[in-house]
Amino acid sequence: MNDKNLKTNVAFETAKRYLLMIGLVVVIIVLFTSMQPAFFSVMNLRNTIIDIALPVIVAAGMMIVIAGGGLDMSIGPICGFASLLSSLFMVNAGLPIAVSVAIGIAAGTGIGAINGLMVSRAGIDSFIATLGMQFVLLGIRYWLTGGKTISRLPQEFLAAGRGDLIGIPKLTIFMIVIVVIFIFVIDYTIFGRRLTSLGMNIEATRLSGINVKNMTLSAFALSGLLSSVCGVLLAAKTSTVTVDSGDSYTLDALTIAVFSYSIFGRAKPIGLVIAAVIIVLLTNGFSMIGASPSWINMIKGVIMLAAIIVGRIINKK
Amino acid sequence: MEDVILDVRGVSKSFGKNRVLTNITMEVKRGEVHAIVGENGAGKSTLIKALAGEYPIDGGEFILNGQPLVKKSVKDIQTLGLQVIHQNLNLVPSMTVLQNILMGDIPVNRANVVSWHTGREKALETLRMVSDKLELDTPVEELSAAEKQLVIIARAIINEPTLLVLDEPTARLGMEETQSVFRLIDKLKSNNVTMLYITHRLEEIYKICDRVSVFRDGEKVLTSAVSGITQSEMASAMLGKKVTDVIAENRGAVSADTLLEIKGLQYKNTVKNISFEIKRGEIVGLIGSVGAGKSETLDMIFGSVQPDQGEVFLNGEKLTGKDHQPVKAVQKGIAYIPEDRQTQGLVQDFAIRENLSFADIKSLSKHGAIIDRKKEKEAVDGLMEKLLVKPPDPEYKTSQLSGGNQQKVLIGKWLVNKYELYLMDEVTAGVDIGAKMQIYEIITDIADSGSAVLLATSDITEALYLCNRFVILHRGEVIKELDRADAEIEDILLAMMGGGNDEK
């Protein structure tokens with residue numbers, strides 16, 4: 001190792017990675033605008049910041065689990081489950097909105113905690129455990145609804161998912177609040193520090209006298225919490241809940257979180273937002289130039305894989 | 001006239017910044033058995049690998065049988081008459097003695113198909129050299145450790161080398177089994193095979209060798225006729241004069257309070273009935289070679305491994321049991337510096353600051369949850385200065401530090417607060433001499449502040465330099481306990497290698 005090699009402190013390295021990602025955003029905007037001038041419009045930018053809101057919230061959950069050294073494949077189904085449960089209590093049982101929402105979120109968090117127990121106590125690989133949970137939730141959702149769509153949600157509830165507050169879309173405000181809390185937890189709390197260490201080196205964490213089982217449990221519970229928050233907001237945004245609502249969020253969460261984690265090598269909430277912007281811009285851009293949806297899924301997959309490879313290259317010299 | 005078979009002229013070799021061989025010059029005379037001794041890391045194995053053509057050298061040359069070995073391949077060097085028996089060489093257990101002997105140069109028939117039969121006669125002739133009893137068709141897995149070693153030697157001598165290198169051929173053998181290897185060496189010698197014999201066991205040298213060369217820290221310190229040097233002269237040449245001078249000053253007296261008491265610890269077949277005590281302010285060396293049970297003992301004290309039997313008491317309080325986990329151990333004042341800094345010790349992708357503050361982050365926080373950045377910075381800056389970590393910026397990534405600096409960070413991680421007991425496992429492994437001395441100073445400071453240190457090490461120099469007392473392990477058992485004042489280097493060396501009072 002020579003001195004040149006040592007000329008890199010962590011903050012500098014992180015800054016370089018932010019630049020890389022922002023550069024990518026600029027390149028995407030320039031490319032699509034050259035093909036379709038409407039791409040660079042207030043309308044599309046507004047859509048973008050609405051479209052990233054829910055994916056960023058679930059990706060935050062996935063990021064917490066990844067930072068702790070696992071994967072959560074049940075994020076979408078938990079999201080749908082919380083969405084369904086809250087709606088059922090609101091529409092069918094006629095419970096107050098706040099109570100219904102609280103029940104949905106509590107139940108989703110509980111499912112996350114069960115995931116956490118399977119991984120930390122039973123020692124099941126997180127991918128397998130949460131994949132199993134995905135199927136369990138699928139069954140429960142059919143059983144609860146009989147496959148029927150729930151609609152006629154209360155207007156006051158739907159208002160939470162639509163319109164602006166001080167000129168900013170409400171969903172985006174929810175996202176900003178969650179990202180700010182996430183930044184605080186990751187960078188300023190003991191929990192965040194230990195979580196970061198857990199995924200990087202579980203043995204060193206354990207031998208530092210940290211209860212790694214409880215850390216893992218908390219990570220999955222938090223992922224469940226964020227998924228159910230997303231689920232409730234999704235119901236408010238779309239105003240109808242079907243038996244498979246939210247399922248697509250597993251892949252969104254995975255793509256965004258893996259993208260950001262691969263580039264930065266650790267949990268960076270802002271990185272999550274930029275990654276989401278990139279994915280959404282590409283999705284919107286391809287549909288605006290008339291590409292077929294199958295293309296768009298393929299692009300997402302390619303981006304995720306490319307990010308992993310690029311991350312490997314820039315993080316392991 | 002004396003004939004030189006191998007002439008080593010000013011050979012140097014570095015791995016990156018690490019100099020492992022410095023200007024080695026020595027001669028091996030035809031027909032002699034020449035011993036090479038030195039501690040772990042002294043450069044013995046590197047020299048052999050360089051000689052065999054496995055590593056390129058940076059400077060100097062080897063001349064074997066009059067031929068310079070510059071840029072020759074492993075195979076070419078073998079045809080010039082060199083055979084090396086590496087320390088960890090293994091046979092294929094499911095194959096027969098015959099097949100294993102011929103493995104280096106598998107015989108084929110005219111159709112280029114493997115034909116063990118073709119080499120059978122020569123194999124038998126070679127096997128009879130090493131043993132009268134062994135049969136060619138016995139599967140190797142049915143042989144004893146000593147018999148396997150004989151087969152390994154047979155495999156090397158079938159090519160009729162003029163120079164045979166044996167790298168610790170008796171390391172895994174018992175006393176009696178060692179004798180059969182010695183008899184073979186005598187026989188080979190009378191057949192005019194020159195041998196380089198690498199060993200840790202000093203007493204062996206007197207039985208089979210003519211001359212000895214002592215290595216230390218990548219240099220050849222001396223070469224002498226075996227008859228002209230005593231065991232303790234060899235030991236002090238191995239360990240270095242400087243060190244023996246320093247270790248002459250004994251560490252001060254320690255308090256009489258017992259801090260840690262270990263009773264009859266047992267774990268699978270790696271630790272058998274280990275008992276000893278540690279007092280406050282004491283540095284106790286847990287000494288033994290690889291596989292003696294040192295790491296397992298530390299793990300059981302720390303709770304990262306549960307013993308099958310036995311008890312551990314800290315301040316009279318029993319620690320062992322199901323709920324004795326690292327979490328509890330740390331709360332009770334035990335710090336653990338594990339052997340492998342990469343996988344067990346440090347988070348490589350963390351900034352140095354994050355590693356240093358990691359174990360004690362609670363005491364650097366507000367309300368036990370939010371990190372107090374200012375307090376963290378103060379603590380970390382203080383440690384960086386105290387430990388002389390290079391580069392001195394705590395925001396550098398840990399993985400960019402050299403081994404020695406990483407090791408300092410690994411200890412520093414437990415110095416934010418004071419712990420009662422520090423368990424350290426091979427704390428200076430792979431560390432250069434400068435960083436080593438700094439680490440020794442840190443360890444001495446820890447003990448002077450009243451904490452106790454249990455220092456697991458296979459480095460005797462280190463133990464002599466630091467410890468008040470030694471607990472010597474051999475194959476999972478306490479073979480000897482010694483006070484620093486009574487300890488002779490040879491006693492420790494012998495005990496570590498399973499010798500000691502009852503032999504010789």
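This is a predicted model: local features need pLDDT of at least 70, side-chain atom pairs count only at pLDDT 80 or more; totals for chains, interfaces and linings use all residues.
User: Why are helices α12 and α14 of chain A called roughly parallel to each other?

Analyst: The axes of α12(A), residues 249-264, and α14(A), residues 293-315, come within 7 Å and cross at roughly 20 degrees. Angles under 35 degrees count as roughly parallel, and α12(A) and α14(A) are therefore described in that way. Their crossing is also left-handed.

User: Which residues of α12(A) and α14(A) meet, and how many of the residues in this contact are nonpolar, polar or charged?

Analyst: From α12(A) the contact takes in A:D252, A:L254, A:T255, A:V258, A:F259, A:S262, A:I263 and A:F264, which meet residues of α14(A) including A:K300, A:I303, A:M304 and A:G311. The residues of this contact divide into eleven nonpolar, four polar and two charged.

User: How do you know that the radius of gyration of chain A agrees with that of a compact globule?

Analyst: A compact globule with 317 residues would have a radius of gyration near 20 Å, and chain A has 20 Å, so the value agrees with the rule. The C-alpha trace of chain A spans about 70 × 55 × 35 Å along its principal axes, and the chain has 14 helices and two strands.

User: What makes β12 and β15 of chain B edge strands?

Analyst: The open sheet has four strands in the order β12-β11-β14-β15 (chain B), with antiparallel pairing. Because β12 (271-279) and β15 (317-318) each have a single partner strand, one side of each is left without a neighbour in the sheet.

User: How do you know that β14 and β15 of chain B pair?

Analyst: Two strands pair if at least two bridges are found between them, and β14(B), residues 309-314, is joined to β15(B) over two bridges in the antiparallel sense. B:F313, for instance, has B:K318 in β15(B) as its bridge partner.

User: What lies across β11, β12 and β14 of chain B?

Analyst: Helix α10 of chain B, residues 294-302, lies across these strands and runs at about 115 degrees to β11(B).

User: Why are β16 and β22 of chain B said to stand at the edges of their sheet?

Analyst: This open sheet has six strands in the order β16-β19-β20-β13-β21-β22 (chain B), with mixed pairing. Both β16 (334-337) and β22 (477-483) have a single partner strand, so one side of each lacks a neighbour in the sheet. The twist averages 15 degrees from one strand to the next.

User: What joins β13 to β21 in chain B?

Analyst: Four bridges join β13(B), residues 283-287, to β21(B), residues 469-474, and these strands run parallel; B:L286 stands opposite B:V471 in β21(B).

Definitions and conventions:
Residues are numbered from 1 along each chain as its sequence is written. Chains are lettered from A and ligands numbered from 1 in the order in which they are written. Side-chain values use heavy atoms; hydrogens and water are left out. Axes are lines fitted to C-alpha atoms, for helices over the stretch in contact, and angles run from 0 to 180 degrees between N-to-C directions. Angles under 35 degrees count as roughly parallel, over 145 as roughly antiparallel, 65 to 115 as roughly perpendicular and the rest as oblique. A crossing is left-handed if the near helix is turned anticlockwise from the far one by less than a right angle, and right-handed if clockwise. Contact means heavy atoms within 4.5 Å. Ala, Val, Leu, Ile, Met, Phe, Trp, Tyr, Cys and Pro count as nonpolar, Asp, Glu, Lys and Arg as charged, and the others, Gly among them, as polar. The radius of gyration is taken over C-alpha atoms; the globule rule is 2.2 Å times the number of residues to the power 0.38.
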